[in-house]
Amino acid sequence: MFLTYEKMQDDSLDRDTSFGRRCLIALWLPLLKIACRRVTRKNKELESLFSSVSVSMEEGRRLEKSGASLDEMCASFANCLSDIFSFGIEGDKKRILSSIGSFIGRYIYTLDAMDDLESDDKKGAFNPILLRYGSLAKSKSHFEELDLVLSYYVSQMKLALDLLEGDENLFAICDNIICQGLSQSAGKIIKPKMENEE
């Protein structure tokens, strides 16, 4: 719910958001804000999490305006997912889940930036990959390099995941996200784009 609220906030500030989407956001954003407040009023820990997520997302918006690098943008979203993944957990498991969440955040941000390359290039919108390589064609020519970065993030997640083997439930949830969800998403986004380039 918190991430949906923040995503709507982002879209409401994005000059390229369509008129229809702006109307939907204007309708739903206040209702979602009320729902978030209701939930956080009943639970101080959730209030702290919501505040932390908001700070991370606001930092991401600030970095975007300043034309930050891909690594800086990834770090901002990594902080957000690190807090979400480790919420309500203590001790060693908190550190492990925080690490997994952090690398998932980096993975998702990088993959999303790769997926948005064409539309961001057309709109002249900020994209740290376009900023790094200078053009759409050069960005696409570095997809194999970016795919290696994603593979590194997955390898780090799996190393942390191995430390959770004593907790079957947490291990199963994280394993499903890492081995099923992320790899399938990457396959749908990266492979077709690389094939088109070839």
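I call a residue buried when its relative accessible area is under 20%, exposed when over 50% and partly exposed in between (1.4 Å probe, protein chains only). By that rule, I noted that phenylalanine 103 and tyrosine 153 are buried.

**Ground rules.** I am reading a predicted model, in which local features need pLDDT of at least 70 and side-chain atom pairs count only at pLDDT 80 or more, while totals for chains, interfaces and linings use all residues. Residues are numbered from 1 along each chain as its sequence is written, and side-chain values use heavy atoms, with hydrogens and water left out.

**Confidence.** I looked up pLDDT, the predictor's confidence in each residue, from 0 to 100, and found that the protein chain averages 84, with 91% of the residues at 70 or above. Among the elements, which are DSSP runs numbered from the N terminus (helices H or I, at least four residues; strands E, at least two), helix 1 (residues 2-13) has the lowest mean, 70, and helix 7 (residues 128-133) the highest, 95.

**Aromatic pairs.** I searched the whole structure for rings of Phe, Tyr and Trp (its six-membered ring) with centres within 6.5 Å, calling planes under 30 degrees apart stacked, over 60 edge-to-face and the rest tilted; the search gives 3 pairs. One of them joins phenylalanine 103 to tyrosine 153, tilted, at 6.0 Å centre to centre and 45° between the planes. This pair links distant parts of the chain, since phenylalanine 103 lies in helix 5 (residues 91-115) and tyrosine 153 in helix 9 (residues 143-162), 50 residues apart. Tyrosine 152 and tyrosine 153 have ring centres 6.1 Å apart and planes at 55°, so I record that pair as tilted too. Phe103, Tyr152 and Tyr153 form one aromatic cluster, in which tyrosine 152 is partly exposed at 44% relative accessibility, whereas tyrosine 153 is buried at 7%.

**Arginine 106.** I then turned to arginine 106 in helix 5, which counts as buried because its relative accessibility is 16%. Its side chain makes a polar contact (N or O atoms within 3.5 Å, one able to donate a hydrogen and the other to accept it; residues adjacent in sequence count only if both atoms are side-chain atoms) with the side chain of aspartate 71, at 2.9 Å. Leaving out residues up to four places away in sequence, arginine 106 has contacts (heavy atoms within 4.5 Å) that include Asp71, Cys74 and Tyr153.

**Core.** Last, I looked for nonpolar cores, sets of buried Ala, Val, Leu, Ile, Met, Phe, Trp, Tyr and Cys residues joined through side-chain atoms within 4.5 Å. The largest has 43 residues, and those with the most contacts inside it include Ile100, Tyr107 and Met157. Helix 5 gives the largest share of this core, 10 residues.
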